[in-house]
Amino acid sequence: MRSHASDASRKDGFAAVDNAAVLAGVRSLTIGTWTWVDGDGTLHMGPTAQDFAAAFGLGGTDTAINAADVNGVALAAIQALAAENEALAAHHAALETRLAADADVVAELLADERRTQRR
């Protein structure tokens with residue numbers, strides 16, 4: 001397995017990433033299968049370097065995709081999806097709580113209606 005140097009002491013110019021914007025960039029990519037023009041016919045999958053460069057502006061070229069950039073983009077997109085899932089789960093829980101409260105109100109109204117009809 002090949003690894004890439006990623007030691008913090010070998011990096012500078014750190015800046016925060018807008019994970020939601022990265023996810024939007026991933027969503028904009030056309031992901032397809034392809035073979036190399038001069039290759040052995042092996043099937044590959046992914047975006048073109050041109051589309052990746054247009055979406056993210058990383059790597060300094062539009063003819064290659066740096067593996068470190070692919071990994072960073074994938075991890076940022078995963079974090080964005082996790083945040084979306086957490087927000088949806090919280091919204092779902094709030095809706096369930098509201099639905100339960102509404103069901104209690106409906107049950108009380110029906111009980112009041114039955115008591116009124118008996119009088």
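**Surface.** I looked up the accessible surface of the protein and found about 9600 Å², of which 57% belongs to carbon and sulfur atoms; areas come from the Shrake-Rupley method with a 1.4 Å probe, and for residues only the protein chains shown count as cover. I note that this is a predicted model, in which local features need pLDDT of at least 70 and side-chain atom pairs count only at pLDDT 80 or more, while totals for chains, interfaces and linings use all residues. Residues are numbered from 1 along each chain as its sequence is written, and side-chain values use heavy atoms, with hydrogens and water left out.

**Burial.** I found that buried residues (under 20% relative accessible area, 1.4 Å probe, protein chains only) make up 12% of the 119 residues.

**Dimensions.** I read a radius of gyration, taken over C-alpha atoms, of 26 Å, whereas a compact globule of 119 residues would have one near 14 Å; the globule rule is 2.2 Å times the number of residues to the power 0.38. The C-alpha trace spans about 90 × 40 × 30 Å along its principal axes.

**Elements.** I recorded 3 helices and 2 strands, in the sequence pattern α-β-β-α-α. These are DSSP runs numbered from the N terminus (helices: H or I, at least four residues; strands: E, at least two).

**Helix 2.** In residues 49-56, I found Ala-49, Phe-52, Ala-53 and Phe-56 buried. They lie on the same side of helix 2, because they cover an arc of only 95° around the axis, taken from the directions from the helix axis to the C-beta atoms. The buried residues of helix 2 pack against helix 1 (19-28) and helix 3 (67-118), contact meaning heavy atoms within 4.5 Å. Just after helix 2, Gly-57 takes a positive phi of about 65°.

Key. Buried means under 20% relative accessible area, exposed over 50%, partly exposed in between (1.4 Å probe, protein chains only).
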